[in-house]
Amino acid sequence: MLVCGLGSLGQACLLRLLPFDVPLLCLDRGSPVWIDPRLEERLGSAVVLGDMRLAQVLRRAGAQQARAVLLLGSDSTVNFEAALQVRLLNPTAEIVVRSTSRQASLGALLEERLPGIACLLYTSPSPRDRG
């Protein structure tokens, strides 16, 4: 499984996946600030750095062999562009794309036209919702 975007949502997903002992691959634009030491221990040296929209970066991160790819960056447009690139590299991967309500119609179109893609509407919790 390849997780692209290692902000709070990406890391929360990784924490949920750790107990399943599945192979985890990671991609982010920059070195992540880990929210949990278990993630750094298990994945710290395996993070590929680069732009998830670029085929050569996705190849380096293992997108061609991944059974599933989670595109969880904070920019929906980048996530959508990366989803198209992943689909070209790996026609059978299940792809989950983080989106916002502003781009819900584009997400619905992707789900309709490209098999194996699910768009997830996600907004960061407000500070008052976190506490």
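Is Asp 36 buried or exposed? I looked this up and found Asp 36 buried, at 16% relative accessibility; buried stands for under 20% relative accessible area, exposed for over 50%, and partly exposed for what lies in between (1.4 Å probe, protein chains only).

**Basis.** I worked from a predicted model, in which local features need pLDDT of at least 70, side-chain atom pairs count only at pLDDT 80 or more, and totals for chains, interfaces and linings use all residues. Residues are numbered from 1 along each chain as its sequence is written, and side-chain values use heavy atoms, with hydrogens and water left out.

**Salt bridges.** I searched the whole structure and noted six salt bridges, each a side-chain nitrogen of Lys or Arg within 4 Å of a carboxyl oxygen of Asp or Glu. Asp 36 pairs with Arg 38 at 2.9 Å, N to O, and Arg 38 is partly exposed at 47%. I then turned to Asp 21 and Arg 42, whose side chains meet at 3.9 Å, N to O. Asp 21 lies in the loop between helix 1 (8-17) and strand 2 (25-28) and Arg 42 in helix 2 (residues 37-43), so this pair ties together parts 21 residues apart in sequence. Helices (H or I, at least four residues) and strands (E, at least two) are DSSP runs, numbered from the N terminus. Asp 21 is exposed, at 61%, whereas Arg 42 is partly exposed, at 35%. I also recorded a bridge between Arg 53 and Asp 51 at 2.7 Å, N to O. Shared partners join Arg 29, Asp 51, Arg 53 and Glu 81 into one network.

**Core.** I found 24 residues in the largest nonpolar core, with Leu 2, Cys 4, Leu 27, Leu 58, Val 69 and Leu 71 having the most contacts inside it. Such a core is a set of buried Ala, Val, Leu, Ile, Met, Phe, Trp, Tyr and Cys residues joined through side-chain atoms within 4.5 Å. Helix 4 gives the most to this core, six residues.

**Asn 79.** I placed Asn 79 in helix 4 (residues 76-89) and found this residue buried, with a relative accessible area of 0%. Beyond residues up to four places away in sequence, Asn 79 touches Met 52, Leu 71, Leu 72, Gly 73, Val 97 and Arg 98; contact means heavy atoms within 4.5 Å.

**Leu 106.** I located Leu 106 in helix 5 (residues 104-113), where this residue is partly exposed at 37%. Its C-alpha atom is separated by 15 Å from that of Ile 95, 11 residues apart along the chain.
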